[in-house]
Amino acid sequence: MDAPALSAPELVASDSALVDTLVPSPNFGVRKTAVDMLVLHYTGMGSADAAIELLRTPAAEVSCHYVVREDGSIVQMVAEGARAWHAGLSSWEGITDTNSRSIGIEIVNGGHDFGLPPFPDVQIARVITLSQDIIARNAIRADRVLAHSDIAPARKRDPGERFPWGVLHAAGVGHLVPEAHLTGGRFFMPGDAGEPVAALKAMLAWYGYGIALDDAYDAATAEVVAAFQRHFRPSQVDGVADASTLLTLRNLIATRPDKAIPMA
């Protein structure tokens, strides 16, 4: 007898008591693995309503689990048990089907195309509370609370270098270390090659970034370094691996939960 076909749950009730409104999106599928990641985005559009409409339009083929408006109200669009289409072409720790293993939160903000406006305090407070709830219910490790730009550095910049990761970390959401001071010194940039570049790329891959393990500092390497900087060293985002970037990466690896730094 054939096994029954899997199906994804429809959104008929909220997964979190924090949800203010249900606005179901048809853009979802069946999860292929358990949730172990939380991915944060900005909407990158002119208004919350425009973003929500896009996320529920079948032809757009995009969605998310939650939207947090500027006033802090929370909209759920896809059931947590379903695979929302928020990550797109992406990779983390060598796994490319990020949508199957993650919950996606869209944070209403115009993003880079609208001058990267500040995120209101009330909005961030609700992002924190919602994230804490999702993390607790799904046992998500701190280092797997990620930016869209972390998992898709060639395509995405959200939620951007002005997103207050430090405020989230202080509330127990995400993995972070103080960024090392900008001091100049030795650095690597596009066009460089050799064993030190190979070591840098190995460290980025070891933390989770999708990057080729060779010794060339090419355009793709610069994109990954810039993504790292947006999240973990936002004071200067230029894709150049200066001493501050290298030290911040080393300290981040050394404190990553459940994973010790590799010894030479």
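Where is the place of R233? In this predicted model, R233 sits in the loop that runs between helix 7 (219-232) and helix 8 (243-254). Its relative accessible area comes out at 0%, so R233 is buried. The side chain of R233 makes a polar contact of 3.3 Å with the side chain of T245. Leaving aside residues up to four places away in sequence, R233 touches E179, A180, L182, F228, D238, D242, S244, T245 and T248.

Turning to charged pairs, the salt-bridge count is 17. One of these joins the side chains of D49 and R69, with an N to O distance of 3.1 Å. D49 belongs to helix 1 (residues 48-55), while R69 is found in the loop between strand 4 (66-68) and strand 5 (74-76), so the pair ties together parts that lie 20 residues apart in sequence. As for how open the two partners are, D49 has a relative accessible area of 52% and is therefore exposed, the cut-off being over 50%. R69, at 23% relative accessibility, counts as partly exposed.

Another salt bridge brings together the side chains of R83 and D97, at 2.8 Å from N to O. This pair, too, links distant parts of the chain: R83 is in strand 6 (residues 82-84), D97 is in the loop between strand 6 and helix 2 (98-101), and 14 residues separate them. Here the two partners fall on either side of a class boundary. Buried means under 20% relative accessible area, so R83, with 19%, counts as buried. D97, with 21%, is partly exposed.

The side chains of R157 and D113 also meet in a salt bridge, with 3.6 Å between N and O. R157 is placed in the loop between helix 4 (148-151) and helix 5 (165-170), and D113 in the loop between strand 7 (102-107) and helix 3 (121-138); the pair thus links distant parts of the chain, 44 residues apart. The relative accessible area of R157 is 36%, which makes this residue partly exposed, whereas D113 is exposed at 66%.

Salt bridges with shared partners join D36, E93, R101, R141, D143, R144 and R256 into one network.

Note on methods
Residues numbered from 1 in each chain as written. Predicted model: local features only at pLDDT ≥ 70, side-chain atom pairs only at ≥ 80, totals over all residues. Heavy atoms only, no water. Helix = DSSP H or I, 4+ residues; strand = E, 2+ residues; numbered from the N terminus. Buried < 20%, exposed > 50% of the residue type's maximum accessible area, 1.4 Å probe, protein only. Polar contact = N/O pair within 3.5 Å; in protein donor to acceptor, adjacent residues only side chain to side chain. Contact = heavy atoms within 4.5 Å. Salt bridge = Lys/Arg side-chain N within 4 Å of Asp/Glu carboxyl O.
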